[in-house]
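Subject: Structure handover

Hello,

Here is the structure I promised to pass on. My notes on it follow below.

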Amino acid sequence: MRQVLDTWHAGVAARDLSCLEELLHPDAVFRSPVAHKPYAGADVVRLILGTVIQVFEDFTYHRTFVTEDSRSVVLEFSATVSGRQLKGIDMIRIDDEGRIVDFDVMVRPRSGLDALAAQMAERLAAYL
């Protein structure tokens with residue numbers, strides 16, 4: 001888990017998520033805070049995460065919680081989108097090879113979530 005987190009944090013800090021090529025399992029699943037159905041497949045997960053890193057302003061991770069088996073992690077974050085502040089968590093699960101198989105995001109408050117949803121829809125409508 002440490003290597004996955006180090007690689008992930010380096011990519012986020014650089015605002016360059018090309019690291020997802022090596023981190024994502026081909027069948028990775030992304031669960032959005034605004035969509036009722038999950039998005040499956042490494043290509044779509046890369047597209048979503050690569051877009052959201054462009055949408056977030058002042059993005060900061062605050063706390064990290066790792067399960068005892070080191071297979072799941074929760075990362076608490078804050079950011080601003082279109083002038084709206086938000087807080088959220090990334091819940092990430094990895095497989096035996098250290099690849100991300102599940103990426104689940106939760107965001108609050110509603111005003112921040114709505115701003116995020118609007119920006120993502122504008123940028124990804126043609127793709128999703």
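Helix 4 gives the largest share of the lining of the largest pocket, five residues. Helices here are DSSP runs of H or I with at least four residues, strands are E runs of at least two, and both are numbered from the N terminus. This is a predicted model, where local features need pLDDT of at least 70, side-chain atom pairs count only at pLDDT 80 or more, and totals for chains, interfaces and linings use all residues. Residues are numbered from 1 along each chain as its sequence is written, and side-chain values use heavy atoms, without hydrogens and water.

The pocket

Helix 4 spans 110-124. Helix 1 (2-14), helix 3 (42-55), strand 3 (57-66) and strand 6 (100-108) are also among the elements that each supply at least two lining residues. By class, the lining has 26 nonpolar, one polar and one charged residues. Nonpolar means Ala, Val, Leu, Ile, Met, Phe, Trp, Tyr, Cys or Pro; charged means Asp, Glu, Lys or Arg; the others, Gly among them, are polar.

Serine 78

Serine 78 sits in strand 4 (residues 72-81). Serine 78 is buried, at 17% relative accessible area (buried is under 20%, exposed over 50%, partly exposed in between; 1.4 Å probe, protein chains only). Its side chain makes a polar contact with the side chain of histidine 62, at 2.6 Å. A polar contact is a pair of N or O atoms within 3.5 Å; within protein, one must be able to donate a hydrogen and the other to accept it, and residues adjacent in sequence count only if both atoms are side-chain atoms.

Best wishes
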